[in-house]
Amino acid sequence: MRVLMYSLLSIVLAWPAMAGEPSERVFSRTALDGVKDNHQVIYTHVRTGEVRPISNGEIRVKVEPHETGRKAVVTMGEEGKLQPVSSWPASSGNPVLPIFLESTLRTMAQATGGSEFYIRNRIKEALGTGGTMNEISLDMDGKAIPATEITFAPFADDKNRARMGGYAELKLVFVVSEALPGDIVRFAAVTGDRGLYLEEIAFARLAEGE
């Protein structure tokens with residue numbers, strides 16, 4: 001698991017090589033710049049379908065001062081039982097991104113019996129060169145917040161689509177808004193048939209301390 005996590009984190013750290021505005025928005029290194037020290041961004045986490053479910057998950061990203069630069073400390077779990085995951089430089093972007101990508105990769109590999117290496121490379125290629133953007137508005141406590149929905153389809157043109165079943169229709173959807181802490185408001189992995197697989201991490205609130 002740690003090898004996969006750092007493999008996916010390397011994608012985040014290499015974001016300048018990404019081509020196009022969709023990728024640059026998702027992989028922004030400034031995502032945590034607006035989060036003050038000792039504050040944390042809290043996300044809900046759910047997973048449904050023909051996979052191991054997560055019904056009441058939570059991910060917390062706490063920004064802390066550090067002698068070598070601010071760091072983002074991540075804890076996550078289910079039913080209120082949170083465990084530390086790791087910490088990253090806050091300057092490398094939103095650390096929920098590699099967590100989400102790893103979860104999607106592992107779930108798809110287990111469900112299809114496919115190679116994690118192959119799936120990871122297809123996802124990496126899609127994130128690096130593709131993506132469509134759609135300007136939307138979010139309702140946050142009765143206030144309209146401008147946002148951008150960015151969608152990637154890693155296996156749309158894959159030569160092995162026939163072997164993947166419904167997972168060939170997998171889409172990775174990100175809702176990004178610089179007006180909210182962490183920039184990425186929603187991370188979602190969804191197949192055409194949502195009963196097959198749906199995973200979503202969504203911004204819940206910003207908290208001080210806790």
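Me: What makes the space of about 150 Å³ the second largest pocket, and how is its volume defined?
Reply: The second largest pocket has a volume of about 150 Å³, that is, the space filled by probe spheres set on grid points joined across faces, edges and corners. It is called a pocket because, on a 1 Å grid over the protein atoms alone, it is an open set with protein on both sides within 12 Å along at least five of seven lines. The model is predicted, with pLDDT of at least 70 needed for local features and 80 or more for side-chain atom pairs, while totals for chains, interfaces and linings use all residues. Residues are numbered from 1 along each chain, and side-chain values use heavy atoms, without hydrogens and water.

Me: Which residues line the second largest pocket?
Reply: Among them are Met 108, Tyr 118, Asn 160 and Arg 163; a lining residue has an atom within 4 Å of a point. Two or more lining residues come from each of α3 (96-112), α4 (116-129) and α5 (161-164), helices being DSSP runs (H or I) of at least four residues and strands (E) of at least two, numbered from the N terminus.

Me: Why are β7 and β8 called paired strands?
Reply: Pairing requires at least two DSSP bridges; 6 bridges join β7 (residues 171-176) to β8 (residues 184-190), so these antiparallel strands are paired.

Me: What makes β4 and β5 edge strands?
Reply: The open sheet of 9 strands has the order β4-β3-β2-β1-β9-β8-β7-β6-β5, with antiparallel pairing. β4 (81-89) and β5 (132-140) each pair on one side only, and they are the edge strands.

Conventions. 1 Å grid on protein atoms, 1.4 Å probe; cavity = no way out; pocket = protein on both sides within 12 Å on 5 of 7 lines; lining within 4 Å.
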